[in-house]
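Here are my notes on this model, as numbered points. Please read them alongside the coordinates.

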Amino acid sequence: MMDFWPTLYVFVLATFIGLGVIRRVFRLLHTPLMSITNAISAISVVGSIIVTGGDYPLRIRILGAIALFASMTNIVSGFLITDRMLKMFKTGKPGEGSRS
Amino acid sequence: MMLGVTQLAYLVASALFIFALHWMNTPATARKAVYAGVAATSIAVVFTWAQPMVIHHWWIVLAIIAGFIVGVPLSRVPLTAVPQRTALSHAFGGAAAGLVGTAEYYLGLSEGPEHLTAFRMIALITEIVLGYLTFTGSLMAAGKLQEVKWVPQRPVTYPLQNVSNLLLFGIALVLTVALTLHPTAPWAPALFPVIIVLALLFGVLLIIPIGGADMPTVIAILNAYAGLSAVAMGFVLDNKLLITAGALDGSSGLILAIIMCRAMNRSFSNVLFGAFGQVQQVKTAEGEKVYKSETPEGAAQVLEQADFVVIIPGYGMAVAQAQHKVRELYDQLKKRGITVKFAIHPVAGRMPGHMNVLLAEADIPYTDLLEMDEINPDMPQCDVALVVGANDVVNPAARSDKSSPIYGMPIIDADRARSVFAIKRSKKPGFAGIDNELYFSDRTWMLFGDAKSVIGELVKQLASGAGMPSAQALSVH
């Protein structure tokens with residue numbers, strides 16, 4: 001019960017940082033923003049690795065492995081598609097590798 | 001010692017995630033954001049895996065390989081399918097949180113009931129409720145966006161909908177309190193699955209009354225839920241990295257949802273519980289109004305004479321995959337020295353930023369993509385506004401008609417342009433089922449047909465047209 005307060009502090013402060021940083025994101029980039037935050041929130045992979053790889057009963061590890069698979073899918077597809085989309089944003093000025 | 005190293009790695013990963021989102025600010029630094037994100041995730045995975053308590057390595061390897069096998073194709077979907085893909089990945093994220101939470105509970109029961117404190121139980125139940133709710137809700141959303149047959153496209157409403165939802169919520173709340181107070185009671189392991197089933201049911205019930213036009217808000221809200229379920233998992237495992245990353249994701253979803261709601265002049269609760277799309281049937285009955293339709297030849301001639309053209313894309317452009325044809329049209333007009341800008345409404349399409357990504361895919365410089373607030377003051381100077389499959393976002397009823405369900409929603413002032421061409425698939429009203437006065441204005445001409453083929457025709461007319469100054473100059477030689 002004692003560890004509850006520092007954890008809550010971290011949550012509140014991280015939320016404020018998130019609100020501050022994300023408010024500044026260009027509207028243009030909202031779709032890539034959503035896919036990158038998708039990949040970032042798949043950090044729950046950390047929890048699934050412990051559940052899958054720990055010395056636990058089989059049925060627990062099966063649940064963990066499915067969760068690990070789901071998080072991994074989000075990490076891989078989230079970062080790849082974000083990068084793929086971001087590559088497409090060009091200013092159209094010469095010397096930027098744009099076709100125009 | 002090992003614990004210290006792991007904590008340090010998590011701290012580095014948290015900082016990298018914050019930098020990643022900071023770099024998403026502008027397109028110039030955005031790709032760095034991806035590298036920072038990948039680095040942070042890799043660090044977190046490696047250092048978690050290296051902990052001594054992790055002993056079954058093959059399981060992890062297999063699950064990671066399976067993740068790559070499914071993840072890589074999911075990242076290659078056509079960009080018009082990005083809203084579905086995003087909804088699907090919210091579903092995966094929700095499922096992961098729900099499953100880990102379930103595992104944690106039964107593990108706690110069998111191995112260390114003393115760890116199931118009241119605080120941890122609340123965090124755990126929050127985690128699984130948000131996780132499973134996001135799972136089914138996002139699957140429903142993905143189904144609606146993909147237009148899967150057995151998922152109803154129109155909002156589904158029934159009598160006492162909100163009352164029965166509240167009642168179910170009350171039951172879930174009572175069960176949560178019971179489990180929190182007595183996590184190890186003999187009946188507890190049987191009660192836990194009931195909460196899971198209720199959460200799965202909630203996900204479905206929350207999404208079925210919501211129509212396609214509200215999807216951008218709903219996707220953003222589901223994004224926030226997925227983040228919050230990761231936060232709850234962080235509370236259960238006492239892991240600050242999970243809390244930080246989840247909070248970043250949650251606040252991102254929240255901000256996007258607020259922007260979407262403002263862009264529609266509606267509140268959260270109105271989007272979630274206000275089932276759109278029923279009132280309008282009455283309106284269509286009051287007298288037949290007439291459209292003027294125009295041929296692509298005629299439209300091409302008008303476009304050639306213009307100095308300033310604004311293209312207003314909407315979901316129709318995405319459905320018809322017309323973005324590359326739009327690019328050809330843009331090139332044809334630019335060649336003639338015409339100023340061409342794109343007016344992007346925040347809720348155009350089916351997710352935040354949907355139109356920008358499609359137009360960027362077609363190689364249109366993002367400097368020509370303008371937000372609603374930037375372009376509206378210039379609309380009276382605009383010679384031709386070309387509406388490509390957009391509907392509600394250019395409906396003047398939002399400004400004038402108090403009885404309209406979209407009254408008060410900020411719109412792109414297409415009706416203030418000197419002339420308007422609207423490309424529309426059929427004569428039926430748009431997704432929200434609302435009649436659009438813009439189409440009956442005496443300055444508007446309709447181009448009926450699939451956006452891709454209509455714009456293709458326009459491009460053909462312009463390419464062969466004699467109006468090209470350069471073509472005339474050539475013939476002098």
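1. B:Asn265 follows α9(B) and has a positive phi, near 55°. Helices here are DSSP runs of H or I, at least four residues, numbered from the N terminus. The model is predicted: local features need pLDDT of at least 70, side-chain atom pairs count only at pLDDT 80 or more, and totals for chains, interfaces and linings use all residues. Residues are numbered from 1 along each chain as its sequence is written, with chains lettered from A and ligands numbered from 1 in the order written.

2. Helix α9 of chain B covers residues 240-263, 24 residues. Its first and last C-alpha lie 34 Å apart, close to the 34 Å expected at 1.5 Å a residue (1.5 Å times one less than the number of residues). Of those 24 residues, 20 are buried, so α9(B) is largely enclosed by the rest of the structure. Buried means 20 or more other C-beta atoms within 10 Å of the residue's own, with C-beta atoms placed from the backbone.

3. The largest nonpolar core has 191 residues. Such a core is a set of buried Ala, Val, Leu, Ile, Met, Phe, Trp, Tyr and Cys residues joined through C-beta atoms within 7 Å. Its largest share, 17 residues, comes from helix α8 (residues 215-237) of chain B. B:Ala20, B:Ile312, B:Val387 and B:Val388 have the most contacts inside the core.

4. Contact means C-beta atoms, placed from the backbone, within 7 Å.

5. Between the chains, 81 residues of chain A contact 95 of chain B. On the chain A side, α4(A) gives the largest share, 26 residues.

Key
Contact = placed C-beta atoms within 7 Å. Helix = DSSP H or I, 4+ residues; strand = E, 2+ residues; numbered from the N terminus. Buried ≥ 20, exposed ≤ 12 C-beta atoms within 10 Å, placed from the backbone.
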